[in-house]
Amino acid sequence: MGEVVLSMKHITKRFNNVVALDDVNLELYSSEVLCLLGENGAGKSTLLKILSAAYKRDGGIIEIDGKEVHFKTTRQAIESGIAVIYQELNEIPDLTVAENIYLERQPVRGPLKRIDWQRMVKDAEALFSEIGIDIDPRRRMKELSVAEKQMTEIAKAVAQNIRILVTDEPTSALSEAEVNKLFGVIDRIKRMGGAIIFISHRLDEVMRISDRIMVLRDGKNVGVVKKEETSEEEIVTMMVGRKLVEMFPRRRHEVGNMLLEAEKLTAKGIQDISFQLHKGEILGVFGLMGSGIQKLGTVLFGKDKWIRGHLRLNGKPVNYSSPCEAIAQGVAFVPSERKIDGIIACMSVKENIVLASMTQSKPRFLLNHSCDRMIAEKWKERLRIKTPDIRNAICNLSGGNQQKTVISRWLEMNPEVLILAEPTRGIDVGAKAEIYELMEEYARSGGSVILITSEMREILEMSDRILVLHDGEMNGVLVRSEADEEKLLLLAMGGTLL
Amino acid sequence: MIPEVKLSQIGLSIKKKMTTELTLLIGYFILCTFFSFMSPYFFSLNNFLNIGLYGSIVGIAGIGMTMVLLTGNIDVSVGALMGLIGVSVASFIEMGVPFAASIILGISIGIACGLLNGLIITRMRINALIATLSTMAIFRGLAFVLCGGLSKIITSDGYRWYGRGYILGVPVCVWIMVIFYGIFIYILRNTKFGRRVYAIGGNSKASYLSGVNVKNTVISVFTLAGLTAGIGGILMAAQTGSGLPSAGQGMEMEVIAAAVLGGTSLSGGKGNLVGTLIGVMMMATLGNGMVLMNVPAFYQQIAKGVVLLIAVFMDSLRSRDLDEA
Ligand SMILES: Nc1ncnc2c1ncn2[C@@H]1O[C@H](COP(=O)(O)OP(=O)(O)OP(=O)(O)O)[C@@H](O)[C@H]1O
Ligand SMILES: [Mg+2]
């Protein structure tokens, strides 16, 4: 750890009547990784957006190398060496990786200042090898995975001589292996003397990568601790302000009759998937990226068509070709890409919650405004959705609270089969526990859940049985009692159990 | 220095509290005050009824257009459709069809053409601008074919009453407009259909995944746009007392402009009919006031363009506020 490169003092920020940040202080040293932790809506993203001048602060001072700065635009922030990488990346999909990195700063040659394409690619390659990234800079941006895009974004920051790198939940959409790669890159930047602010809701990652941990709660500083001097437990207590008794509430209970049966289901990306789902059962679906687990979810929900195979619900064959029909049969689906597939940004929290159940509710054609309000208030309370008013636009909520809103949309439908794709992505520990509790409660009352997730701990703790997919095909089913991380990974990578 | 800062802060807090409609109403009030000072004829009940009469056609077509825009689509065929329907109705009446039946036939043509637009866009998956640009040419061409390029005088007094008649001292056109706005404001606010229109414009993918039948909703919206454009065309023919094949030329732009002026976002999901109605009235008042002030026609065009620019600029200011705060 070196000297202080950045200090933010007494930062305050209000949105109308919501106080998002209240007298927050932050110090960042060179060659360190500072993790910012806090519940959904604690103000983490807001603090970073103030740093990058995306938001105007209402009060406080920002100093870089001891000198006060006043950024008016994000561009000025970049020029003074601060890069913020948001979860929603802003890349230009049809340009190559190299072009994206050197946008507006292309190397030129000759009197006409033509772009020197060859040098651009060479520079990019050199840059990548310096920080340990393995991507061909000639590929188009849109061909890259989320992780690769993220690393390109980081490389771009390094190319701009960035000394302070800020990443807001970069890992929430990444697989284990990709997280490892990303951490490798972060580590190199740190050794090169850079300072990094890192946000994540995954505590194990935080414990791995961080040097110091700073906790925010309700827009206020709770404290800063060195990693060596703390434990996961202590951090959680700091975050939620109370002791979290149990994370995973799963208790044994009998499963009922068979509800859903898939027989040799085949679609583009998945082959011959067969399984049975019983009432009151939580069926986990696990697989690495590209294994087709997400596809299975969208096929079961009627978004993608299956070409061969059968699906039976309550013993009767079903064949729906759109989500609309699937919903009518009692199937619900919480998509993994919240921003793209989940929320309707300009609509209110209330309207977002009642959107799916609206199709079935009475009266048939008219809205029942008072009933809608009651439903929304009910879920706001049960899932502790943090917003002063359910009439607020959902885009003003923090990421985790948006997710809770999307989940309530489907729980309100009271479905027979609830398909959850990465339901706790970007959700804080407290809310995670609440969502697990809800799943458990829902299963105990006879509902069936298909849990599609790449988070191992979650799937091991929550599911009765786990279906493992590899390369679009089934590669084994594990019963809860015999499942462990090793077996899961082995099957997911295409191996066989002895 | 210091008072300047305070002033801008006050401005900011006022801006935050003001809704789109309130801003518009204040703008409208200023406009009226200005014209009242500039022309002695402006501020009278009669003149306002005139403005209403002039604005009613754009107003009625604006209902369908607003809904189309709310879903994130656009319909540039409404002007041509108005022309086609005016000529059709005039032909029906000429052939001896009773005027009431002619009106019903005319409205049916509007609905059918709107449905056609909707089907082309959803079933053939063609971008709405391109699709309606094509049907615009088709509708306009049909109008010319139907009457051989000449205008048809409508002699039926019963029919012309819709364009020129009064009930309780208020033009029939204005009554019709008011009734339609009442119905559709209710539909957009209180029906599931209305909610779906907004949802699709906000995020059509997420709406689809939440069980909204996106295609059917978009088809319905275009059909309604055909309906309202049809009624607009019928009233236009009734006002002029003739079926002109070139009638309604450029009307689509006026309708879109009024909706945008009223706060409807071109990218969908934001806006409402009250705003459109105020937008329509503003445009109509501007035209009327300038005529009373004897502003030459060319300058009127320029003024309308400038007002629209200001409106769109204010809209971009508002959405910028949302992005930042
Ligand atoms: N544009 C906005 N308008 C109004 N309120 C906002 C806006 N952005 C954030 N807020 C509010 O400020 C608070 C802090 O939000 P922020 O996004 O910083 O949370 P966060 O700590 O990043 O949460 P998460 O872990 O869920 O991403 C929340 O209560 C949120 O509702
Ligand atoms: Mg956040």
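Into which domains is chain A divided? There are two ranges to keep in mind: domain 1 (4-240) and domain 2 (258-492), with bounds taken from an automatic or database domain assignment.

## Ground rules

This is a predicted model, where local features need pLDDT of at least 70, side-chain atom pairs count only at pLDDT 80 or more, and totals for chains, interfaces and linings use all residues. Residues are numbered from 1 along each chain as its sequence is written, chains are lettered from A and ligands numbered from 1 in the order in which they are written, and side-chain values use heavy atoms, with hydrogens and water left out.

## Inside chain A: domain 1 against domain 2

The C-alpha centres of domain 1 and domain 2 of chain A sit 31 Å apart. Contact here means heavy atoms within 4.5 Å, and on that basis 20 residues of domain 1 of chain A meet 18 residues of domain 2 of chain A. Between them, these two domains of chain A bury about 1,500 Å², with carbon and sulfur atoms giving 53% of that. (Buried area is the accessible area, with a 1.4 Å probe, that two parts lose on being put together, summed over both.)

The rule finds 2 salt bridges across this domain interface of chain A; the term covers a side-chain nitrogen of Lys or Arg within 4 Å of a carboxyl oxygen of Asp or Glu. A:Lys386 pairs up with A:Asp218 in a salt bridge, their closest N and O atoms being 3.4 Å apart. On the domain 1 side of chain A, the elements giving two or more residues are helix H6 (176-191) and helix H8 (232-240), helices being DSSP runs (H or I, at least four residues) numbered from the N terminus. H8(A) has the largest share, 3 residues.

## Between the chains: A against B

Now for the partner chain: 37 residues of chain A are in contact with 25 residues of chain B. Together chain A and chain B bury about 2,500 Å², 58% of it on carbon and sulfur atoms.

The count of salt bridges between chain A and chain B is 3. B:Arg195 makes a salt bridge with A:Asp372, and the closest N and O atoms there are 3.8 Å apart. Several helices of chain A supply at least two residues each to the side that touches chain B, among them helix H10 (323-328), helix H13 (369-382) and helix H14 (399-411). H11(A) gives the most to that side of chain A, with 4 residues.
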